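The following report walks through one model, region by region. Please keep the sequence and the 3D view open while reading.

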Amino acid sequence: MDSESCLKLPLIDFSNLELGSPKWELAKAQVKEALEEFGCFEASFDKVRLEVRKGLFEAVEEVFKLPLQTKLRNVSKKPFHGYVGQYPMAPLFESMGVDDSTIPENVQSFTNILWPQGNPTFSEVIESYSQQLSELDQMVRRMVLESLGVEKYLEEHLESTNYLLRLMKYKGPQSNDTQIGLHSHTDKNIVTILYQNHVEGLQVQTKDGKWINFQPSPNSFVVMIGDSLHAWTNGRLHSPYHRVMMSGEEARYSVGLFSIPKAGYIIKAPKELVDQQYPLLFNPFDHVQFLQFYYTEAGQTAQSALKTYCGAT
């Protein structure tokens, strides 16, 4: 279906929130409603400093100007964690992954792979951005668990993940005809937080099949639920399909902070979220093994890779 110009993602203010305050409780109710209905929302969040946000896109552009042979040094055993480019199904798309991007040593190791002579400015902005934005990820997840009455699992839940920072570029197709930047998909992780430049392209699908065109703002982020949190909440939160559609000449740069279950951690809905009204939807699973299945032919052709892999009914 065509995108609906009148539809917008909910906007939620996360600035100056104190745990348990009336403003916190209001934001928590808005988060629950948005994630149940849309699976995502737009967030105002002032903890990421302006100079970090500006420096971030300078760093992203610097990365993608590197020679291909240099970018190919960004390798990972995990699917979609290293360099992705020259992708036949999405020729406009290119991305790099920084694993454990909140840990200074890991960011430095990544930087040294691309710039053996060092690039302290790049390292500093990537680390600062990841650490500052991870606070928003943790606030959202705390609100989710509180609103579902399972906050006793919060510490285990937060410790079960690490962070992947993906730097992404979508080339302008040099045409006014719209072309696919990235095919429609759901994310497979816990929470994704996206920040992008001014070039439009991100579209999010509603439950009834309409597409919302996201209007980017330098002052906000898109927070989106992935399949792993959808499963952990026993389907109470919606994991939305989304895509990138490109036109024109300008490149779209975006950065995604992904909270990802650690290898070996078993994703299992808490018993409090399983009852007669909400029977168990998914059997327990390891995220890394699920991700490996998703990139097989069976995973790519399944209507829902998650249901095919570990559906309980």
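A disulfide is a covalent bond between the sulfur atoms of two cysteines. When a disulfide is taken as a pair of cysteine sulfur atoms within 2.5 Å, the count comes to zero.

This is a predicted model, in which local features need pLDDT of at least 70 and side-chain atom pairs count only at pLDDT 80 or more, whereas totals for chains, interfaces and linings use all residues. Residues are numbered from 1 along each chain as its sequence is written, and side-chain values use heavy atoms, with hydrogens and water left out.

## Nonpolar cores

In soluble globular proteins, nonpolar side chains tend to be buried together. A nonpolar core is defined here as a set of buried Ala, Val, Leu, Ile, Met, Phe, Trp, Tyr and Cys residues joined through side-chain atoms within 4.5 Å. The largest such core holds 71 residues, of which F14, F41, Y129 and L167 touch the most other members. Helix α5 gives the most to this core, with 11 residues; helices (H or I, at least four residues) and strands (E, at least two) are DSSP runs numbered from the N terminus. A second, separate core of 19 residues includes C40, V199, L202 and M246.

Contact means heavy atoms within 4.5 Å. Leaving aside neighbours within four places in sequence, F41 has contacts that include L9, P10, I12 and F14, as well as V140, F221, V222 and V223.

## Helix α4

Within helix α4 (residues 104–114), the residues V107, F110, T111 and L114 are buried. These residues lie on the same side of α4, because they cover an arc of only 100 degrees around the axis, the arc being that of the directions from the helix axis to the C-beta atoms. Their cover includes α2 (50–64), α3 (68–71), β3 (93–99) and α5 (120–147).

Strand β4 (residues 161–170) is largely enclosed by the rest of the structure, since 10 of its 10 residues are buried. Both faces are covered, with T161, Y163, L165, L167 and K169 on one side and N162, L164, R166, M168 and Y170 on the other.

Two strands are considered paired if DSSP finds at least two bridges between them. Strands β3 and β4 run antiparallel and are joined by seven bridges, and G97 has R166 as its bridge partner in β4. Strand β11 (residues 252–261) is also antiparallel to β4, with 10 bridges between them, and there R166 stands opposite G256.

The UniProt annotation "domain: Fe2OG dioxygenase", from an unreviewed entry, covers residues 160–261; such annotations may be inferred rather than shown by experiment. Over residues 160–261 the chain is 6% helix and 56% strand, and the end C-alpha atoms are 6 Å apart.

## Loop residues

K171, in the loop between β4 and β5 (175–185), counts as partly exposed at 41% relative accessibility. Although K171 and M246 are 75 residues apart in sequence, their C-alpha atoms are 8.0 Å apart in space. Beyond its neighbours within four places in sequence, K171 is in contact with P91, L92, M246, E250 and A251.

Q174 lies in the loop between β4 and β5 and has a positive phi of about 60 degrees although it is not a glycine; at 53% relative accessibility, Q174 counts as exposed.

Key: Buried means under 20% relative accessible area, exposed over 50%, partly exposed in between (1.4 Å probe, protein chains only).
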